[in-house]
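Welcome! Please work through the exercises below with the model open beside you, and try each task before you read its solution.

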Amino acid sequence: MPAESGKKIIILYILNILKKYSDINHPMTQQDIADRLLSDYGMEVNRATIKRNISDLMDAGYAIYPKDEFVRKFINRETGEEEENTICTNFYYEHDFSESELHMLIDGLLFSRSVPYKQRKELIGKLGDLSSSHFSQRMRHVHSMNADSPENKQLFFNIEVLDEAITAGKQVEIVYGYYGTDLKLHERKNEDGTAKKQLLNPYQLVASEGRYYLICNKDNYDNVANYRIDRIMSIRPLDTPAKPRNQVAGLEDGLKLEKYLYQHVNMFSGDPERVEFIIPKSFVSVVIDFFGSHVSFFEKEDGTVSCHIEVSLEAMRHWAGQFADVVRVVSPERLVEEIREDLRKAAANYGLA
């Protein structure tokens, strides 16, 4: 490498070193940086050159900061007067994400039930690289769950196609799948054995309970539908325009995502209705975990709590079934009867009927 080119590239090497090896808890002295320049790039650079390049990087707006500063007093030989200057040492690069923020993002990936295991590991590695090597080393002890769970390797392709279709306001054609006892995803088929293709009008991608869903409309129906994106086996973007949302029952006033999610617990579809259910007071926290602040609570004289919320009846039926030992739905009556029938079947299944 020509000497002049080597001098010019030193500043990039110093920036790379600070990004890779430093953070607020692991600052680097000029000597530390000099040692890394020699070991990583085979360049012997004096501390004055390092100091000048760090100063240039800071002046250019890079997030490099001294952890320690102190004032040095000296006598100006020309004027004989006492002067002072600020000495900066122990430099670090301030990364875009704090370690706690990266931990939150990585935890989200760890417990994602849609993202394939291999891609989870790759994404966690990329997130770890957004901080210093000290953080990345700790990531060696992080292991993603469900390494042996069934997975759809084209999840991210599905997301990309759907995102483009939603942005362009176009329809998509999909083949939906189901898992068999062989732990493999199988195409849903027509009676003649051909793959069952479905024409969808896509509106929104959402994440719920560790899975990715598409909120859409199946073209030959007028209501909202939810599809697991990891169950889509093949997808084809179309040039035909998607059905306007105001022509879909439940979306006449647009899609209010927060409201939609709490009204459709676990992404069950169906029109929301007013539901009342009774719980013990100790169960209030669990209800808030699922429905947020959209529940109205009324304490009763017997110590229980009456809860009122607008929610999909199908979603409420399955949610209440999970907590049948503490939750008692009291209205609407048809929902109560459906839950009673579910409980009768459950009791018979365990030989209790």
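In these exercises, buried means under 20% relative accessible area, exposed means over 50%, and partly exposed is in between (1.4 Å probe, protein chains only). This is a predicted model, in which local features need pLDDT of at least 70 and side-chain atom pairs count only at pLDDT 80 or more, while totals for chains, interfaces and linings use all residues. Residues are numbered from 1 along each chain as its sequence is written, and side-chain values use heavy atoms, with hydrogens and water left out.

**Exercise 1.** Find where Gln 171 is placed, and work out which side chains it joins by polar contacts.

*Solution.* 
Step 1: Look in strand S3, residues 170–179, for Gln 171. Helices (H or I, at least four residues) and strands (E, at least two) are DSSP runs, numbered from the N terminus.
Step 2: Check its accessibility: Gln 171 counts as buried because its relative accessibility is 8%.
Step 3: The side chain of Gln 171 has a polar contact of 2.9 Å with that of Asn 201, and one of 2.6 Å with that of Thr 240.

**Exercise 2.** Which parts of the chain does the pair of Phe 283 and Phe 323 tie together?

*Solution.* 
Step 1: Recall the rule: rings of Phe, Tyr and Trp (its six-membered ring) pair if their centres lie within 6.5 Å, and planes under 30 degrees apart count as stacked, over 60 as edge-to-face and the rest as tilted. The whole structure holds 10 aromatic pairs.
Step 2: Apply it. Phe 283 and Phe 323 are edge-to-face, at 5.2 Å centre to centre with 65 degrees between the planes.
Step 3: Phe 283 is in the loop between strand S9 (272–280) and helix H9 (284–291), and Phe 323 is in the loop between helix H10 (313–322) and strand S12 (328–331), so the pair ties together parts 40 residues apart in sequence.
Step 4: Check burial. Phe 283 is buried at 11% relative accessibility, and Phe 323 is buried at 17%.

**Exercise 3.** Is Trp 319 buried or exposed?

*Solution.* 
Step 1: Trp 319 has a relative accessible area of 0%, so it is buried.
Step 2: Turn to Phe 290, which is partly exposed at 27%.

Methods
Polar contact = N/O pair within 3.5 Å; in protein donor to acceptor, adjacent residues only side chain to side chain.
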